[in-house]
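Student: Hi! Could you walk me through this structure?
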Amino acid sequence: MSANKDSDGGWRTFLWNSEKREFLGRTGCSWFKIISFYVIFYLCLAGIFVGTIQALLLTLSRYKPTYQDRVAPPGLSHTPRSEKSEISYIKSDEKSYEKYVASMRQFLDLYNETIQADEMKYEDCGDAPATYKERGSLDTDLGQRKACRFHRNLLNSCSGLNDPTFGFREGKPCIIVKLNRIVNFRPKAPTNNQSLPEGLLGKVQPNLIPIYCKNKREEDESKVGEIKYFGLGEGFPLQYYPYYGKQLQPQYLQPLVAIQFTNLTLDTELRVECKVYGSNIDYSEKDRYQGRFDVKLTVSS
């Protein structure tokens, strides 16, 4: 019993020693010093952290990335998007291609004439491919910049204006292609014919990034049929670049190219690869959408 009492007394003394006026082995003055030290210490750490972040923020711009030396060339994407990049439907069954049509309609709604009517936000940039449309430096305080209009009717039979099914009902489906946005990126047109496929030789226009699609498998060469291209110059004209970012150009519209497969062999899975060609556009085996994409097409009767 005496041992228990001594033990209890020891703990009580450690918690509060009335003779030395110590709490947990320290006097009030000692507690004040150690608490003050750690408060000052952590305040200094917080100040260093905040100061470092503020110094870093001073080197960054709201309008453009500070470093773009490792930015890959833009990706090439298409609408309608689907799982595993596969478009498969039955020509006689409207429900089987309804999701593709709805996706294209929703995407192209952004290109309606009524949306581009504001003269303070949009301007006409010509009806033929032209050089870059410069709107000042990203660092200058000029406010929001205008964007080039892209008229939906340039997509012809793939615009959805005359054929609301975008060719799907007739077994001649369309896809809409765009280059992904990169702030301040200027795609460069091909400088020679060495990198161009045979189908583009002699057809490339100045100030234009051309696109070309063909069968990916040799056995599909005679089954893909004719491929038509619609858009301004049937490619990506340079006057729509550079893109100034969401802060300065929130209404920006990418130029589009519509691709229509007019004579696909029915009831056959076909693989088609599309590529854009430019002197600063490369391809990567690790990224199948960098400058290109491939899609599986199956139109059943």
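Tutor: Happy to; we'll talk about aromatic pairs, then charges over rings.

Tutor: This is a predicted model, where local features need pLDDT of at least 70, side-chain atom pairs count only at pLDDT 80 or more, and totals for chains, interfaces and linings use all residues. Residues are numbered from 1 along each chain as its sequence is written, and side-chain values use heavy atoms, with hydrogens and water left out.

Student: How many aromatic pairs does the structure hold?

Tutor: There are twelve aromatic pairs. Rings of Phe, Tyr and Trp (its six-membered ring) pair if their centres lie within 6.5 Å; planes under 30 degrees apart count as stacked, over 60 as edge-to-face and the rest as tilted.

Student: How do tyrosine 97 and phenylalanine 168 pair up?

Tutor: Their ring centres are 6.2 Å apart and their planes are at 25°, so this pair is stacked. Tyrosine 97 is in helix α3 (residues 94-108) and phenylalanine 168 is in the loop between β7 (147-148) and β8 (174-179), 71 residues apart. Helices (H or I, at least four residues) and strands (E, at least two) are DSSP runs, numbered from the N terminus.

Student: What about tyrosine 100 and phenylalanine 168?

Tutor: They also form a stacked pair, with 5.8 Å centre to centre and 20° between the planes.

Student: Which residues form one aromatic cluster?

Tutor: Phe37, Tyr38, Phe41 and Tyr42 do.

Student: New topic: where does the charged end of arginine 81 sit?

Tutor: Over the ring of tyrosine 289, 5.2 Å from its centre. The rule is that NZ of Lys or CZ of Arg is within 6 Å of the ring centre and within 35 degrees of the ring normal. Lysine 275 lies over the face of tyrosine 283, at 4.7 Å from the ring centre.
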